[in-house]
Amino acid sequence: MRAVPAGTGNLLGMTEDLVVRAEGLRKRFGSTQALDGVDLSMRRGTVLGVLGPNGAGKTTAVRVLATLLRPDEGRAFVAGIDVLKNPRQVRRKIGLTGQYASVDEDLTGVQNLVLIGRLLDLSGRDARRRADELLEWFDLSEAARRPAKTYSGGMRRRLDLAASLVGQPEVIFLDEPTTGLDPAKREDMWGVVRTQVASGASVLLTTQYLEEADALADEIVVVNHGKVIAHDTPDGLKRKVGGQTLRVRPADPARLPDVLRLLDLVAAPGTAASLDEAAGSRPGAASVPVSSDEALDKLIPALRADRVEVTELALHLPSLDEVFHALTGRVRTEELV
Ligand SMILES: Nc1ncnc2c1ncn2[C@@H]1O[C@H](COP(=O)(O)OP(=O)(O)OP(=O)(O)O)[C@@H](O)[C@H]1O
Ligand SMILES: [Mg+2]
C-alpha cells in the first residue's frame, strides 16, 4: 500500500519525501469544529486529492497549509518548513488557487499575471514572458488584453489557476480548481496539473468531481466533519471500501430469483445479493459484494448446475462515487449509534 500516514516520516526516515505534513490540526469557528484533529501527508512529486462533502473542512485545511489561517492546535510543514513558525518562507514555495476567484477585475489578464510576477521579484521581462506562457497554456491569449471583469466564469477560473503558477511553485494548492469549467477545459486543466507534476511540483487539490480525483490523484484523503476518515490510493480505497461486486444478468429475467439465491451463496460476509435498481442501470440484473475473485469460480458451476443462462457476468471494483458515499455515509451511521 502506498499511503503514508502522517507521523511515520521520522520513524522511517522518509520525512524529506513528504512535502506536506500536518498533524492534529484543529480549528473552531464559533460553534463549528471545522477541523477536528486532521493528519495529512503528501509525498513529493505526487498529486493528493482531498475529498469530502460540503462543509467537511477541506478549504479550512488548505488555508492552514497555505499560511492564510492559524489553527487552534496542531502542526504543519510544507516543503519541510513550519507553516506556523515561518509562514513567509512557506509562501515562497507555494502557489494557491482558492475556491473563489481572486484576480483583480479591473486589470487585464496579462496585467494580473505580470503584477504577480513582479511581486515575486521577477524582472519585467521575465514576468512578461511567464505571463504570456501561462496565458497560452490556459487558452487565454486572445483575451489577454481585456479587463478580467469582461471574462466568463470559466475564463476567470483559468486566469486564477494561471496566477497560482506564475512563481513556478514547488507545492501547488488547488481548491476546487475546475468547478465551473466545461468538460474540455477541465481536461485541459488536468493536462496542466500533470505537466506541473512531471516537472517536479507536488499538487494538493480538493474537488467535488470524483472522476477528477480518480484521473489525477496518486493518493486520496477523504475528510468528513473535520476528520480524515481514509487515506489511500484510488484503487486501494475501492478495494478496501466496497470490495468487489459480482453482477449477473440472466438471459431470462424470470430466473432472477434463482440468480439472487446463487449470488447469496458467494456473498461477502454480512452482505446479501440485490437487484440492480440504481438510477440509470438497466433492469434485469442482480449484484452482490464479494471478498475475492474466487466467488466467480464458485458461481459459474452453480449457475451451470441450475441451468441458468446468462448474458452478463462481471466483476467490478466500485466507482469512486460509491466509495465516497460508503465512507461518508458510514461515518454518519457510526455517529448515530
Ligand atoms: N471564516 C469562517 N467563519 C465561520 N465558519 C466558517 C468559516 N470558514 C469555514 N467555516 C465553517 O467551517 C466548516 C468547514 O468549512 P470549509 O469551508 O472548510 O468546508 P469545505 O469542505 O471546503 O466545504 P465546500 O465543499 O462547501 O467548499 C463549515 O461548517 C463552514 O461553515
Ligand atoms: Mg471549500
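In which strand does Glu-312 lie? I found Glu-312 in strand E14, residues 310-316.

**Ground rules.** I am working with a predicted model, where local features need pLDDT of at least 70, side-chain atom pairs count only at pLDDT 80 or more, and totals for chains, interfaces and linings use all residues. Residues are numbered from 1 along each chain as its sequence is written, chains are lettered from A and ligands numbered from 1 in the order in which they are written, and side-chain values use heavy atoms, with hydrogens and water left out.

**Whole chain.** I noted 12 helices and 14 strands. Helices (H or I, at least four residues) and strands (E, at least two) are DSSP runs, numbered from the N terminus. The C-alpha trace spans about 80 × 45 × 40 Å along its principal axes. Of the 337 residues, 47% count as buried. Buried means under 20% relative accessible area, exposed over 50%, and partly exposed in between (1.4 Å probe, protein chains only). The chain exposes about 16,800 Å², and carbon and sulfur atoms supply 50% of it. Areas come from the Shrake-Rupley method with a 1.4 Å probe; for residues, only the protein chains shown count as cover.

**Back to Glu-312.** I looked up its partners. Leaving aside neighbours within four places in sequence, Glu-312 is in contact (heavy atoms within 4.5 Å) with Arg-247, Val-248 and Arg-249. The side chains of Glu-312 and Arg-247 are joined by a polar contact of 3.5 Å. A polar contact is a pair of N or O atoms within 3.5 Å; within protein, one must be able to donate a hydrogen and the other to accept it, and residues adjacent in sequence count only if both atoms are side-chain atoms.

**Helix H7.** I checked its length next.

Which residues of H7 are buried? I listed Lys-185, Arg-186, Met-189, Trp-190, Val-192, Val-193, Gln-196 and Val-197. They sit on the same side of H7, because they cover an arc of only 160 degrees around the axis. The arc is that of the directions from the helix axis to the C-beta atoms. On the other side of H7, Pro-183, Ala-184, Glu-187 and Ala-198 are exposed. The cover over the buried residues of H7 includes strand E3 (47-51), helix H5 (124-137) and helix H8 (210-216).

I then looked at the ends. Asp-182 caps the N-terminal end of H7, with a side-chain oxygen 3.1 Å from the backbone nitrogen of Ala-184. Just after H7, Gly-200 takes a positive phi of about 110 degrees.

H2 (residues 58-65) is mostly covered, with 6 of its 8 residues buried. Among them are Lys-58 and Thr-60. I counted 14 residues around ligand 1 (a heavy atom within 4 Å); the closest are Gly-55, Lys-58, Thr-59, Thr-60 and Gln-99.

I looked up the polar pairs. An oxygen atom of ligand 1 is 2.8 Å from a polar backbone atom of Gly-55. A backbone N or O atom of Gly-57 lies 2.9 Å from an oxygen atom of the ligand. In Gln-208, a side-chain N or O atom is 2.9 Å from an oxygen atom of ligand 1. Taken alone, ligand 1 exposes 630 Å², and the protein buries 64% of that. Strand E2 (32-43) and H2 are the elements that give two or more residues to the shell. H2 gives the most, with 3 residues.
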